[in-house]
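User: I am new to this structure and would like a close look at a single part of it. Please keep the account plain.

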Amino acid sequence: MTMDAAAESSESRLSSSQLNKNKPFHNDESCPKEVLPVRGCGSRNTSPSGRIGSRNTSPSRQKVVKTKPRGLDEETVATFGKAVHPDVQMEDNIWAMLPEDLFNEILARVPPFMIFRLRSVCKRWNSILQDNSFLKFHSEVPSHGPCLLTFWKNSQTPQCSVFSLPLKTWYRIPFNFLPQWAFWLVGSSGGLVCFSGLDGLIFRALVCNPLTQTWRTLRSMNYNQQRQLIMVVDRTDKSFKVIATSDIYGDKSLPTEVYDSKIDKWTVHQIMPAVNLCSSKMAYCDSRLYLETLSPLGLMMYRLDSGYWEHIPAKFPRSLLDGYLVAGTQKRLFLVGRIGLYSTLQSMRIWELDHAKIMWVEISRMPPKYFRALLRLSAERFECFGQDNLICFTSWNQGKGLIYDVEKKVWSWIAGCALQSYNSQVCFYEPRFDASVH
């Protein structure tokens with residue numbers, strides 16, 4: 001091959017790769033269109049190889065002599081430099097006779113959201129999600145990983161989108177199976193999601209599995225009044241509990257109630273001691289429930305095993321504007337909040353509770369560039385919640401989401417716009433088909 005022919009062949013391959021690079025990929029079924037913006041399609045390309053059809057006066061383009069390379073036949077020359085993807089023919093007679101247990105094991109390793117979409121393929125695939133053999137394999141494979149579930153109502157129609165952190169993709173899940181009174185997103189645990197709301201004059205709660213589209217309304221509480229709720233799931237005995245405590249604006253004389261799915265009943269426990277709560281946000285870790293208090297200053301801890309409250313005199317850091325309790329893995333308890341009275345001096349910090357010394361120890365600070373992008377004004381409100389050692393920050397006005405990995409010490413933005421609804425509620429979510437509401 002001459003130098004002129006080699007230049008033409010090299011430039012043609014570069015132009016082809018440039019076209020393939022700029023070709024957008026979009027999955028209309030796996031995520032909402034507005035969630036995954038396509039980039040690069042309208043960007044300006046100023047490189048010579050990117051200007052297809054433009055005049056090129058380089059010496060290598062003035063005269064081209066085409067010759068056949070040595071040792072290559074005509075077919076090889078035609079396909080030289082192109083990726084060859086041979087079609088793999090799947091034999092129907094082999095895959096149709098696949099053993100049931102092997103089929104279930106393969107399907108159990110498919111990402112849950114893709115299995116959810118495959119329900120419409122045939123009746124067999126729709127019914128297999130309730131098959132005990134498939135659920136057994138699904139419970140034994142590693143978890144899909146953490147996700148973010150956003151819930152909001154658009155013209156009284158429930159809407160739900162889930163962001164998979166491992167796949168970095170948004171998925172839309174239909175939520176029209178819930179009753180109209182389910183308005184407040186309580187939280188998620190072990191693949192189940194809890195909602196509460198007012199059914200007429202009765203305060204109710206329900207638990208559902210978004211993947212199986214099953215739900216269950218819990219029995220009425222002993223004291224019919226709006227309460228602050230939190231749900232915990234025990235996967236070992238396949239049960240869950242819902243804890244109802246006093247709200248920051250509610251009646252402080254109401255006793256704590258705990259719902260146990262194994263007995264399908266609310267039980268009455270100790271009344272929380274007279275304290276002034278500074279937040280309705282709660283954190284649950286190591287079979288203990290924590291709330292922030294102003295008077296007496298510190299934390300109120302509820303032991304689920306004994307049913308009693310206890311005060312922990314852990315003083316908050318100075319100049320703390322707003323604090324959120326976040327539960328980590330095992331016994332780790334974090335405090336997240338802003339420090340500083342003036343907007344130019346504010347910063348977001350993370351502390352961890354030293355249980356032995358009963359004091360908060362600073363472990364990390366949000367970099368200033370992330371803080372300014374998340375909260376542009378000093379008075380802007382934000383939400384903070386966590387799961388395991390992941391902490392998520394969402395801004396009410398900016399519609400942005402930021403995640404911090406405590407172990408890896410890494411900050412990362414959440415791609416997409418599903419957080420931009422002003423009335424959206426967000427929580428961490430673990431997708432599981434084997435999570436039962438009964």
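Which residue is the bridge partner of Tyr404 in strand 24?

Analyst: The model is predicted, so to speak of local features a pLDDT of at least 70 is needed, side-chain atom pairs count only at pLDDT 80 or more, and totals for chains, interfaces and linings use all residues. Residues are numbered from 1 along each chain as its sequence is written, and side-chain values use heavy atoms, with hydrogens and water left out.

Tyr404 has Trp411 of strand 24 as its bridge partner. Strand 23 (residues 401–405) is joined to strand 24 by 4 bridges, and the two run antiparallel. Strands here are DSSP runs (E, at least two residues), numbered from the N terminus, and two strands pair if DSSP finds at least two bridges between them.

This pair belongs to an open sheet of 4 strands, in the order 21-22-23-24, with antiparallel pairing. Strand 21 (382–387) and strand 24 (410–413) are at the edges with a single partner strand each, so one side of each has no neighbour in the sheet. From one strand to the next the twist averages 20 degrees, taken between lines fitted to C-alpha atoms, with angles from 0 to 180 degrees between N-to-C directions. In general, strands of a sheet pair through backbone hydrogen bonds.

Elsewhere, the largest nonpolar core has 33 residues, and Phe134, Leu149 and Val162 are among those with the most contacts inside it. Such a core is a set of buried Ala, Val, Leu, Ile, Met, Phe, Trp, Tyr and Cys residues joined through side-chain atoms within 4.5 Å; buried means under 20% relative accessible area (1.4 Å probe, protein chains only). A second, separate core of 19 residues includes Leu402.

How values were computed
Buried < 20%, exposed > 50% of the residue type's maximum accessible area, 1.4 Å probe, protein only.
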